[in-house]
Amino acid sequence: MAINWFKYSAPSTFYGLAGKAIPWFSISSAILFAVGLYIGFFVAPTDAQQSEAYRIIFIHVPASILSMFIYLVMAGYAALGLIFNTRLSSMMASALAPTGALFALISLWTGALWGKPMWGAWWVWDARLTSELILLFLYLGYIALHASIDDPRRADRASAVLAIIGSVNVPIIYFSVKWWNTLHQGATIKFTGTSMHVAMQQAMFTVLVACWLYAVAVSLARVRSIILERERNTQWVSELPEAKL
Amino acid sequence: MKKSSMLDLFVLVVRRDLILAMRRRADVLTTLIFFVMVVSLFPLGVGPEMGMLRKMAPGVLWVAALLASMLSLVRLFSADYVDGTLEQMMLAPQSLSMLVLGKMVAHWMVSGLPLVLMAPVLGLQFDMSNQALAVLIIGLLLGTPILSMVGAIGAALTLGLRGGGVLLSLLVLPLCIPVLIFGTGAVEAVSTAMSVTPHLSLLGALLLLALVFTPWVTAQALRISME
């Protein structure tokens, strides 16, 4: 049996699929958040050097990882939309941007809260912090460019070009620790084993998956609104039960 | 035959843009005066202590150059866009990337080069050493073309939009940060008696990358904006 892979690339069919998927993603995200944060705050042992203040990494690290990951996914969708002219890809790209910006902001904010007791300063001009700040700027530039072009087609394509150029920045963030080698501690999780306690790892990965599920749920909800907004004059939208109210 | 026609096109565009700029000299001078003014404001803002000014000089000069080049970028395509010349250029059978490269080079000669030539005079106001000044000029020579080229992408994307100038800076400034880091890093390396070559090599690498990719990307961006 041949599977039609492109069935859900049409906004009209994807709208229904997204609507069915959102509850699953949001409920599992909430459960994993609860489990991950419980392990992080009550099960994981106190750190020998940083005492209790280290526990903010259970939010900080997943938020930082996702802020970078979402940018790459966004640039990927933008590139798909630019190359194959698929409307849904461009909508997904613009739906992901606010969530990515939010995670970048959370990452900077929690980093500052951790930095005050550990480094004695809210903010230091370290390479990683600066790159994360630049990432936030890139998200804001993308959102601003998209918002200031009235024609949705041009807005999608112009911001896609910007997203692709900006994605050059994400590897720089990752390698910045090696390149500039400053105050921010190096990576603790390596492919050759880790120096972290098992409970800490469990908590961090659980929250990471929870954040990822949250990002999926929220951007699906957002893309549904974008679909409705752009397709408001089409037949299938006028036949939706929620449009008839 | 084909090769020489590409080169002819490039020379033609550069010459045309330079002549146009010379006819509107005020625009060129405004950018330069803005650069001088921003740099001169810093000692007034932070105090006249020479030791501190000497330390700040490379950063101040680079940031001022960055802002000044943002100012002139808005005009890179807008005049041609308004009077319809840009549309004709895009219909031309020759490569749009080559044409864009010509406009970038002309833009740099009009707005970047004067900044590079002015920088040593301003550096003297900040009591920079001769060696630091030399490295600053080499860095600016390598770096300011990158600003023009990366900025051209932003100028093409924001073509004809309301509030284009501020939006352009918002898009382009984050992308120019590596140039700023390596440019000021080179001058700081002089004062700490370290080798300046890594910074300058990285700037050169960025320049080559920009030279290869930005004309093509800008041409694509223009096509998106002109549809």
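## Close-up views of a predicted two-chain model

**View 1. Ser94(A) and the residues around it.** Leaving aside residues up to four places away in sequence, Ser94(A) touches His146(A) and Ile226(A). The coordinates shown here and in every other view come from a predicted model. Ser94(A) is part of helix 3 of chain A. Is Ser94(A) buried or exposed? Ser94(A) counts as buried, because 26 C-beta neighbours lie inside 10 Å; the cut-off for buried is 20 or more. Ser94(A) and Thr234(A) stand 140 residues apart in sequence. In space, their C-alpha atoms are 21 Å apart.

**View 2. Asn85(A), in a loop of chain A.** Asn85(A) sits in the loop between helix 2 (57-84) and helix 3 (87-119) of chain A. Its phi is near 60°. That value is positive, and Asn85(A) is a residue other than glycine. Asn85(A) counts as exposed because it has 12 C-beta neighbours inside 10 Å, and exposed means 12 or fewer.

**View 3. Asp127(B), in a loop of chain B.** The loop between helix 6 (96-125) and helix 7 of chain B holds Asp127(B). Asp127(B) is not a glycine, yet its phi is positive, at about 60°. How many C-beta neighbours does Asp127(B) have inside 10 Å? The number is 12, so Asp127(B) counts as exposed.

**View 4. Helix 5 of chain A against helix 10 of chain B.** Helix 5 (residues 152-166) of chain A and helix 10 (residues 197-226) of chain B have axes that come within 9 Å. These axes cross at roughly 165°. Helix 5 of chain A is therefore roughly antiparallel to helix 10 of chain B, as angles over 145 degrees count as roughly antiparallel. The crossing of helix 5 of chain A with helix 10 of chain B is left-handed.

**View 5. Residues where these two helices meet.** Helix 5 of chain A brings Arg154(A), Arg157(A), Ala158(A), Val161(A) and Ile165(A) to the contact. Helix 10 of chain B meets them with Val217(B), Gln220(B), Ala221(B), Ile224(B) and Ser225(B). By class, the residues of this helix contact are six nonpolar, two polar and two charged.

**View 6. The side of chain A that touches chain B.** The contact draws 14 residues from chain A and 16 residues from chain B. Which helices of chain A each supply at least two residues of this side? They are helix 4 (127-148) and helix 5 of chain A. Helix 4 of chain A gives the most, with seven residues. The side of chain A that touches chain B has 10 nonpolar, two polar and two charged residues.

**View 7. Chain A as a whole.** Chain A contains eight helices and two strands. From the N terminus on, its elements run α-α-α-α-α-α-β-β-α-α. Of its 245 residues, 38% count as buried. Take the contacts in chain A between residues at least 6 apart in sequence: 77% of them join residues at least 24 apart.

**View 8. Confidence in chain B and in the model.** Chain B has an average pLDDT of 87. In chain B, 98% of the residues score at least 70. Confidence in chain B is highest in helix 7 (residues 130-157), at a mean of 92. It is lowest in helix 9 (residues 177-191) of chain B, at a mean of 83. The model scores ipTM 0.84 and pTM 0.85.

Technical notes:
Residues numbered from 1 in each chain as written. Chains lettered and ligands numbered in written order. Predicted model: local features only at pLDDT ≥ 70, side-chain atom pairs only at ≥ 80, totals over all residues. Axes fitted to C-alpha atoms, helices over the stretch in contact; angles between N-to-C directions. Helix = DSSP H or I, 4+ residues; strand = E, 2+ residues; numbered from the N terminus. Parallel < 35°, antiparallel > 145°, perpendicular 65-115°, else oblique. Left-handed = near helix turned anticlockwise from the far one by under 90°. Contact = placed C-beta atoms within 7 Å. Nonpolar A, V, L, I, M, F, W, Y, C, P; charged D, E, K, R; others polar. pLDDT = per-residue confidence, 0-100.
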